[in-house]
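My notes follow the model shown here.

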Amino acid sequence: MGRRPAARKRSGPSRGAVRADEGNRLVSLDLRSLDLVPGTARALDVEIPVAPLRIGGEDYTADPAAPPVRLDVVRLGKGWHFRMRSTLHVAGPCWRCLEEAHPAVAIDATEVSIEGADDPEMVSLYLEQGVLDVADWARDAVAEALPPTILCDEQCAGLCTICGANLNHGDCGCGAGSVDPRWSALAELAERLRGPGVGPDTEDAT
Ligand SMILES: [Zn+2]
Ligand SMILES: [Zn+2]
């Protein structure tokens, strides 16, 4: 699971869904504004901005920057249950060739918050004073749903370890005849030993 984030078919709006409109951006959700009584639920179609993720010193940005998100909110007797679903892409350098990678990411995360619960699992870190920090949650959910390696393509050939050329653009030419740089030093030495000190870099001159 999570290895192949299959593109999830977006289901139609369920009863009570709020359709996404232009400018339906949501950074935080004040639960009081939903006016839910215990035992009722609301489905929200919103766009949540996802801040860039920094991985290995590189920025990975969500595409779109504020992906469409289905947010399900259930008012429980003494708390809340939340579910966040979205499919988006993440753009940033490929881990093998450093050119742009654009993997699809599917998120499906849930949070529970029960009043007065001792179990930390039952106390959402994203809920404070009745306000759900959906932007923070979305960013963490994207980070968790990233593929284990971010590649421009599963078949990415990477860079030549000798000349640094991008091997996806074709053979660099130095691979076939050349050997590991450690061996080329030995080859030079062999050359010197074979010839009677005619090389420009011979060190055994007196
Ligand atoms: Zn690549
Ligand atoms: Zn090369």
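Entry one, the helix. I looked up which residues of H1 are buried and found Val134, Trp137, Ala138, Ala141 and Val142; I call a residue buried if 20 or more other C-beta atoms lie within 10 Å of its own, exposed if 12 or fewer, and partly exposed in between, with C-beta atoms placed from the backbone. Because they cover an arc of only 135° around the axis, these residues lie on the same side of H1, the arc being that of the directions from the helix axis to the C-beta atoms. I then checked the length of H1 (residues 134–145): at 1.5 Å a residue its 12 residues should span 16 Å, and the end C-alpha atoms are 16 Å apart, which agrees. The expected span is 1.5 Å times one less than the number of residues.

A note on conventions. This is a predicted model, in which local features need pLDDT of at least 70 and side-chain atom pairs count only at pLDDT 80 or more, while totals for chains, interfaces and linings use all residues. Residues are numbered from 1 along each chain as its sequence is written, and chains are lettered from A and ligands numbered from 1 in the order in which they are written. Helices (H or I, at least four residues) and strands (E, at least two) are DSSP runs, numbered from the N terminus, and two strands pair if DSSP finds at least two bridges between them.

Entry two, the strands around S5. I found S5 (residues 68–76) joined to S2 (residues 41–47) by 7 bridges in an antiparallel arrangement, with Asp45 opposite Arg70 of S5. S5 is also joined by 7 bridges to S6 (residues 79–93), again antiparallel; S5 and S6 form a hairpin with 2 residues between them, and Leu76 has Gly79 in S6 as its bridge partner.

I recorded 3 strands in the order S1-S10-S9 with antiparallel pairing, the edge strands being S1 (29–30) and S9 (127–128), each of which pairs on one side only. S9 and S10 (residues 131–132) pair over 2 bridges, and Leu127 stands opposite Leu132 in S10.
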